[in-house]
Amino acid sequence: MLKMSGPHALVSLRGVGKTYAASVAALRDVDLDIRAGEFLTLLGPSGCGKSTMLRLIAGLDCVSAGELIRRFEDVGAAIGFVFQEPTLMPWANVFNNVFLPLRLRGKSRRSAAPAVAEALSLVGLAGSHKAYPRELSGGMRMRVSIARALVMRPRLLLMDEPFAALDEIARLQLNDDLLRLKEETGATIVFVTHSIYESAYLSTRIAVMAPGPGRIVAEITNDAPRENFRDSPAFAALCRQISEGLHQAMKE
Amino acid sequence: MTLVIKTQGWLRQFLPPALVLAAALGLWEAIVRLYAIPPYILPAPSLVLATLMSDRAILFPALGVTLGTTLEALALAIIGGVALAVLFAQSKWVERALLPVAIVLQVTPIIAIAPLLLIYLDARAAVLACAFLIAFFPILSNTALGLASVDHNLVDLFALYRASRWRTLLLLRAPAALPFFLGGLRIGGGLALIGAIAAELAAGAAGKGAGLAFRIVEAGYRLNVPRMFAALFLVSLAGIAIFASLSALSAYLLGRWHESVLKR
């Protein structure tokens, strides 16, 4: 099944495979286009290569087979990465953590200050510049982590199960905040999760993955209206559809 | 009332050990007086204190010598240990080549190396070398461990933003290694003093550059037991001072972020 890579694809994967040293195939023959402006979720059970795919897209690992085309220059400026853990530097306060990407690219503290303040206010943390990660709740640390990923104004935001370690309440809140963030920044998001509800709520497109070797088995598009989406019949129907896709994937 | 509340925390921390110390010294003094033990067998604490004052022209310069050697050795151990740890972090090959040498130097008791060093070096340099050798290893191994114990995701993040090796070292590995380094420094500080004392004992150097350990040996030959106690008191005071100041440095540097310092 060959798909056309439209002019709006930010990243295209063609027949991509990834094999690690122990000759375990983490991914095999993956075709995928990441289209500008979409919210794409990679959904699947553990070991299906979701995280591997994010690492390949970010250039943190190299593909073993096939090709991966990025249609933008300067990967460091164009990609923001949010890990499963907040991954903050414990010795640095909130400002310095968010400042880090700009600092690594040679910006001075003073010239970076407006961008840092803006990123922090985007995630609802304006005014907590001086706090240390240790002093923040799990949800707030994750917000700082997202602010750090946004501070370069990336075109592509990669998120690897960012809310998996949070409690349900913080998670629902951050889901809504993420959708608002996407509206405000216009970033394209690739989001990894193993929660059916989260993927249904957030995504415009869901790629269902299966393990052994990791591959994409189904793609589901969601263009239902956002208004009261979580309570709508469309949401329930989408969850069911995703769930069926997953079951199908596990049976193969 | 306010005074009581304010001093309560301070009292709780220092009162018990102070009471125990005072009781022990009192008991010691009482036993010496009660049984009229002669000072060449066991001097009373009051006599030790008096000797400390009367012999200050001999003891305090000796303290200065020992403390000077110790701090000099510690400074060299910090420079050498950190530099080598950074080198290890940059190249596995260097680590494989040099780590065994460092381990051999560490596991060989310093007191056994001292006589050899005394043949090749003058007394002062030999004492310095011994103190350096013994303080060097904990600083090296702890710092190397710290530089390697960095959150892998943060390493990835630095890679994503195309940070150079040097900046990754400076902005990520160095701060991550700081608590480890400070732990090694606290051990190394105490060991440097032990190394200096051990080497002074082996050297037995007299004259102007004589340290506290030599004064203990010398007083021993003369059966001047009160002076031995007074010198011993200064040695342990030096050890306490080194440990306390390195702990304070550690608390200051790790201040707000590290688990080891934060109060629950």
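Domain bounds are taken here from an automatic or database domain assignment. In this predicted model, chain A is accordingly divided into domain 1, which comprises residues 9-72 together with 155-251, and domain 2, which spans residues 88-153. The C-alpha centres of domain 1 of chain A and domain 2 of chain A are separated by 25 Å. Contact between the two involves 11 residues of domain 1 of chain A and 8 residues of domain 2 of chain A. On the side of domain 1 of chain A that touches domain 2 of chain A, the largest share, 6 residues, is contributed by helix α6 (residues 168-185) of chain A. The composition of that side of domain 1 of chain A, by class, is 8 nonpolar, 1 polar and 2 charged residues.

Chain A also contains an open sheet of 6 strands, arranged in the order β5-β6-β7-β3-β8-β9 with mixed pairing. Its edges are formed by β5 (79-82) and β9 (215-221) of chain A, each of which pairs on one side only. On average, and with direction ignored, neighbouring strands of this sheet are turned by 15 degrees against each other.

Definitions and conventions:
Residues numbered from 1 in each chain as written. Chains lettered and ligands numbered in written order. Predicted model: local features only at pLDDT ≥ 70, side-chain atom pairs only at ≥ 80, totals over all residues. Contact = placed C-beta atoms within 7 Å. Helix = DSSP H or I, 4+ residues; strand = E, 2+ residues; numbered from the N terminus. Nonpolar A, V, L, I, M, F, W, Y, C, P; charged D, E, K, R; others polar. Pairing = 2+ DSSP bridges. Axes fitted to C-alpha atoms, helices over the stretch in contact; angles between N-to-C directions.
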